[in-house]
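Here are a few notes to read with the model open beside you. Take them one at a time and find each spot as you go.

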Amino acid sequence: MVSLEETKLYTGLEHDPSRENHREAIARVIRKLLNHILDNSEDDTKSLFLIIKIIGDLLQFQGSHKHEFDSRWKSFNLVKKSMENRLRTLTVEGCEYKRIHQDMIRDLLRLSTSSYSQVRNKAQQTFFAALGAYNFCCRDIIPLVLEFLRPDRQDVTQQQFKGALYCLLGNHSGVCLANLHDWDCIVQTWPALVSSGLSQAMSLEKPSIVRLFDDLAEKIHRQYETIGLDFTIPKPCAAIAELLEQSKNPSINQTLLSPEKIKEGQKRQQEKNADALRNYESLVNTLLDGVEQRNLPWKFEHIGIGLLSLLLRDDRVLPLRAIRFFVENLNHDAIVVRKMAISAVAGILKQLKRPHKKLTINPYEISGCPKPTRMLAGDRPDNHWLHYDSKSIPRTKKEWESSCFVEKTHWGYYNWPKNMVVYAGVEEQPKLGRSREDMTEGVFRNFDDAFLPVLKPHLERLVADSHESTQRCVAEIIAGLIRGSKHWTFEKVEKLWELLCPLLRTALSNMTVETYNDWGTCIATSCESRDPRKLHWLFELLLESPLSGEGGSFVDACRLYVLQGGLAQQEWRVPELLHRLLKYLEPKLTQVYKNVRERIGSVLTYIFMIDVSLPNTAPTTSPCIPEFTARVLEKLKPLTDVDEEIQNHIMEENGIGEEDERTQGIKLLKTILKWLMASAGRSFSTAVKEQLQLLPLFFKIAPVENDNSYDELKRDAKLCLSLMSQGLLYPHQVPLVLQVLNQTARSSSWHARYTVLTYLQTMVFYNLFIFLNNEDAVKDIRWLIIRLLEDEQLEVREMAATTLSGLLQCNFLTMDSGMQIHFEQLCKTKLPKKRKRDPGSVGDTIPSAELVKRHAGVLGLGACVLSSPYDVPTWMPQLLMNLSAHLNDPQPIEMTVKKTLSNFRRTHHDNWQEHKQQFTDDQLLVLTDLLVSPCYYA
C-alpha cells in the first residue's frame, strides 16, 4: 500500500536542513494572503490570478517552463548529435511530496470551486498540472473533491458543484480523477458520481452541468482499462527468481531474501488480492444501491448502469445480484438501458457457457483420399465430403450422429489445419438441459430447448404481425434459436425445425420495406460459420420457388435477398444448391420488374463468386461463368446479329402471351447488365472471354452524352462499360479485347465508334503496365486511334484526338518522326474547289473525304501539341507553325486550330518567359500575331 505521508526523492544533492527553504516561506505567506482575500474580498479576481500563478510556480517551476525546456531539449539533441553523442544529461522524473505541497494543492482545489468562472478556469489548469507532477497526490485529493458531490450537503453552490465536476474530468491530456487505475479510487468516485444526481446543487436544466456529466461518462467509457484482481506470482516464476538471485554471474551485491521474507511477501500479496476482490464486489453493490434508488434522475441511472457494464470481467463472474439486475432490465422502458443490458447478458452467458469436448480428426482418412503432393486451392477430392449433398444429408438420428460437422467455412478450401479439431459427438458433450430452478441466467445455447415451449406462442403471435418492431423481434429470436441449437441432439433440432419452417414461410411472405433487411440479417447470421448439412431444413425451405409471384415483385425480390444472404455465408460448400438455384433462375432472367432484375443480378454475382482462375486453384464444381455466358449469348443473337439501333420498348408489366425473340432478348439483356454491374465491385475475378464478347452489343446501346432522361437500358449499358473498362485484364485477354474494339470501330453506328474511344482511354490507364509489356498491343492501339482520327463523324475524330493526346502525355505512345510525317502528309491533302450552288438547293452536310483527311492531320498535330502542357519539346515550335498555316481553312479545321492555340496559350502562360526561349524570333513573331487579339481601336 502507498503511504500518503511525505514522500522523499533523492536528486543527487544533499540539502542543508539548517538553511531556510525559500519556497516554503513564500508558500506560507501566500496561503495567509489567499485565506484573507477569500474571506474578505473574493471578488478581487486580479489578485487571485496572481496568487494562482505564484502557487503554480512554487509547485512546478524548476528554472524553466515546460515549453522552454522542450525547445531547449530539441537544440540539445541536435548539438549532441553533431558532437557524436559525447554530451550526457541527467533528468529527474517526479517531485518530492511534502506537507506544504499538499496544502497548496488543496488551496488550488478551493480556487477551482470558486464563484467566479475565470478564477475556476485558471486554478483548474494549475491544479491539473500539479496532479500530473506529484505522485499519489490524487489519492489524497479525491475525498476532498467528492465532498462537493455529497447529496446530504446543503451548503454546496452550483459553481462549486461544477468546479468539482471539472476537477474530476481533468483536461485533454492530463489525469482524470474519475478514472484512475486504482480500486481504492474508483470505489469512491463512481458511486459518488451516481449519487450526485440527488444533490441539491445538481440541476438537469443547466446544459453546462448536463454536458459535464456526458463528458465524464464518455471519458470513463473511452479510457477505462480493466483493473487486475489477482496479482499472484506463479510458483515456477518465483522459483526462477530465486535462482536468479543466487546466480553468481551476474552477481548481485545484496543480501539474499530469506524464505520467511518470501512467504511474508506472498502473504501480503494474497491480502492485497483479497482487498481488490472486496473492493470490486463493494463497488458493484454500491453502484446497484445507487441506481435502484427510487428518486434518482434517469440520466444518473443510465450513467450507473453504464459503469456497471464496465465491471464485467473475463476472469470473474459478475455477482448474482448484478446478473439479476441486468436480466430484469432486458425489458426496460429506455432503449439505451435495454442495449446495455443485452450486451451485459450476452457477456454473462458467454462466461456461463459450458466447455464442449473436442477431438482431433484426419480429413484425408474421412475422404479416403491421399494427401496432395502440392498445395491446390478449391474443390478437391479430399474436401468433397464437406459439400452439401441432398442425397446424403443427415435425415435420421444415426446419420446425424455419424456425421462429422465442420463449422469453419474456410477450413479445407486452401488447406487443412495441421491439427484439425472438431466438436465430439452429442453423447460426449456436457448435458445442456437444466432444471427450472437453475434457469436464472441463460437461453438456447446454455439451456438447450427448455425455453422453446414458453416461446412458441409468442413466436406465432409475433410472426403474424407485420409491424417493424414485432418482425425485428421475432427475427432476432429465430436467429438466436438457430445459432443456439449448435450442440442440440438430433431429436431436439428436428423438433425445432418443425416449429420454425411454418413460421419462416409466413414471415417471408409478409416482408415489408421496413423488415426485409432484418430477415436478411437473420438468415445470414444463422448461416455464418455453420456446417450447411446441419441447416438443410433452412436451405430447402429458402429454395422453395423464391420467384413464385405471390405477393408481387417486391416479395419476390425480398425472398431472393434472404436466400442470397444465407448462400453467401456458405461460399464454396454448397455447389449443388447454387446449381439448383441457377437452373431455376435461368428461365426467369427475362423479368420485367426492375427490382427483381437488380436482385437477380446480385444473386448471380454470388452464384459465380467462387469461379476464379488463379494459380494453383482447381476448377470449381460450382456454376461457371463461361458456360452461363455462352448460353446467354445464344439467346441474345436476335440483338447481336442486327446492326440497327436497339430501343427499349418494354413496359413494366409482365405481358400475357407469346413475345418475339427481340423483346425477350431486351428483357434478358437488362438482367445481364445488372449482373455485370454488381459483379464489377464484388467478384474476385475480372471479366472472362465470353463476357467480353458482349462488348459490341453494349457499345451499340450506350449513349454518347450523360443524360438522366435516357431509359434504363441505355444508362445501364453506359455504366456497365465504365465499370468493365476499369477491370484488371490478364495478358492473354488483351488480344481478344483489342479484336472486339477493332471490330466495333468498323461499326456503322458512330455512337459505337465514339464509345470505343472512351472505353479505350479508361482500359489503358487501368492496365497501363499490362499493355506496355505487349508491343503488338501498343501498335494496335496506335493504329486504331489514327484510323478513327479519319472517321467521317466529327465527334469521333475529336474524341480520337483527345485519346491520342492523353496517351502521348502518359508516354504510352511516343511522338516519333513517323507519326509526325503521317499527320503532316494528311494536312497537305488538297481540298476540292467550292462549287456554285443553285439558289434553292440544300447544302451538303456530308464532308468530303479530302476535308476529313486534312482535318485528321490537323487534329493529330493538335493532339501532339496538347500532350505537353508544361514544357516545349524541340519539335513543338515547328508543329505550331504548321498548324498556323491552316488558320484560314474551312470549318471545322479553323475552329480546331483556334482551340489548339488557345489551349497552348493557357497551359504555357505561367512559364512563358522560359518557354519562349525554344522559339526563333520569326516563330515568336508569328505566334504573337496568332495569340494576341487585335486591338479594337487599331
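1. Start with the cavities: the whole structure has two of 30 Å³ or more. A cavity here is a set of points on a 1 Å grid over the protein atoms alone, where a 1.4 Å probe fits but cannot get out. Volume is the space filled by probe spheres set on the points, which are joined across faces, edges and corners.

2. The largest cavity holds about 80 Å³ of space. Among the residues lining it are Trp400, Ser485 and Arg530; lining residues have an atom within 4 Å of a point.

3. Before going on, a word on the source: this is a predicted model, where local features need pLDDT of at least 70, side-chain atom pairs count only at pLDDT 80 or more, and totals for chains, interfaces and linings use all residues. Residues are numbered from 1 along each chain as its sequence is written, and side-chain values use heavy atoms, leaving out hydrogens and water.

4. Now the salt bridges (a side-chain nitrogen of Lys or Arg within 4 Å of a carboxyl oxygen of Asp or Glu): the whole structure has 38. Asp214 pairs with Lys299, their closest N and O atoms 2.6 Å apart.

5. Is Lys299 buried or exposed? At 12% relative accessibility, Lys299 is buried, while Asp214, at 36%, is partly exposed. Buried means under 20% relative accessible area, exposed over 50%, and partly exposed in between (1.4 Å probe, protein chains only).

Methods
On a 1 Å grid over the protein atoms alone, a cavity is a set of points where a 1.4 Å probe fits but cannot get out, and a pocket is an open set with protein on both sides within 12 Å along at least five of seven lines; lining residues have an atom within 4 Å of a point.
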